[in-house]
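Welcome! Here is a short briefing to read alongside the structure.

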Amino acid sequence: MRWLERELEERRLNRWDFVIWPIGIAVAVLWALPFVWMVSTSFKFPADVMTQDIEWLPSRVTLDNYIKVFEYPVIRWGINSLIQAAAATFLCVLFGAMAGYALARMNFPGRNLLFAVFLASLMIPVEVSVIPLLLAFVKVGWASSYQALILPAIGNVFSVYIFRQFFLNFPSELEDAAKMDGAGPFNLFFRIALPLARAPAIAASVIIFTLNWNSFLWPLLVTFDESMKTLPVGVAAFTPVVGTRTQIEGYSVAMAAVTILSIPSLMLFCFLQRYFIQGISQGSIKQ
């Protein structure tokens, strides 16, 4: 066993790491299997989807499923989703940073109580507020509009939480030096604190963008015009109808549509994963 201990010591690992790593790899493989099957099915012929032997890689490859998907206004739906997700994410991260900075660095009565109310609001199901919100947007004439898609998505407590935890550990010496130069709260936040909060900003952006990009219920209810549909709402039309002759044939087309839907979120995470992990660590672990 000495060689094992020597290897662990050289790699700066302990015996628990030797046990946890295989378990983590097994969980990661189980998590990835549905995604692999989704992508694989999107390239299969309809007759090859439901077979007795599981085919993780297609024996025959076709692009007909993607061609069928793009016969619908998928590009228009994608543009709507991109506008909605990008605008809502930018505003959500900006306001979340402002709220997190105020809750962490400013002393005012009821600060901790206000933060507790923010956290408690996470336990309220979204479905509770959907109907009153929908009636309000219909009454003001904003149904099937970008403002109806964007405005309800701005308020997200998770963004506030990440920035508050980061600003709790923000060096007070920087603020004191800026105050001596005459900087007020506005300049302190936009010129000192916010530029140094790049990691939590990226972590919050990835999470909020993914939530907004995959948002389904609210865009489904508030868009009555076909041209204002978002991509998740449009992709739902490709879901095979259970019990019909085309149920099995529809799986390959549906998987092609869902694969297209997942590409932007995966690209964003892969491009920013290093900053994402760093931001989550700074925003969640440090106290």
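Contact means heavy atoms within 4.5 Å. This is a predicted model, where local features need pLDDT of at least 70, side-chain atom pairs count only at pLDDT 80 or more, and totals for chains, interfaces and linings use all residues. Residues are numbered from 1 along each chain as its sequence is written, and side-chain values use heavy atoms, with hydrogens and water left out.

**The nonpolar cores**

- Leaving aside neighbours within four places in sequence, Ala193 touches Tyr101, Phe167, Phe170 and Leu188.
- A nonpolar core is a set of buried Ala, Val, Leu, Ile, Met, Phe, Trp, Tyr and Cys residues joined through side-chain atoms within 4.5 Å; buried means under 20% relative accessible area, exposed over 50% and partly exposed in between, with a 1.4 Å probe and protein chains only.
- The largest nonpolar core has 22 residues, and Tyr101, Phe163, Phe167, Phe189 and Ala193 have the most contacts inside it.
- Two or more residues of this core come from each of helix H4 (74-105), helix H8 (157-168), helix H10 (185-196), helix H11 (198-213) and helix H14 (247-284). Helices (H or I, at least four residues) are DSSP runs, numbered from the N terminus.
- H11 gives the most to this core, with six residues.
- A second, separate core has 18 residues, including Val74, Ala85, Leu231 and Val253.

**Where H4 meets H5**

- The axes of H4 and helix H5 (residues 111-120) come within 9 Å and cross at roughly 140°. Axes are lines fitted to C-alpha atoms, for helices over the stretch in contact, and angles run from 0 to 180 degrees between N-to-C directions.
- H4 and H5 are therefore oblique to each other; angles under 35 degrees count as roughly parallel, over 145 as roughly antiparallel, 65 to 115 as roughly perpendicular and the rest as oblique.
- On the H4 side, the contact is made by Ala102, Leu103, Ala104 and Arg105, and on the H5 side by Arg111, Leu114, Phe115 and Phe118.
- By class, this contact of H4 with H5 has six nonpolar, no polar and two charged residues. Here Ala, Val, Leu, Ile, Met, Phe, Trp, Tyr, Cys and Pro count as nonpolar, Asp, Glu, Lys and Arg as charged, and the others, Gly among them, as polar.

**Two serines**

- Ser172 lies in helix H9 (residues 172-180) and is partly exposed, with a relative accessible area of 33%.
- The C-alpha atoms of Ser172 and Arg105 are separated by 9.0 Å, though these residues are 67 residues apart along the chain.
- Ser265, found in helix H14, counts as buried at 11% relative accessibility.
- Beyond its neighbours within four places in sequence, Ser265 is in contact with Thr210, Trp213 and Asn214.
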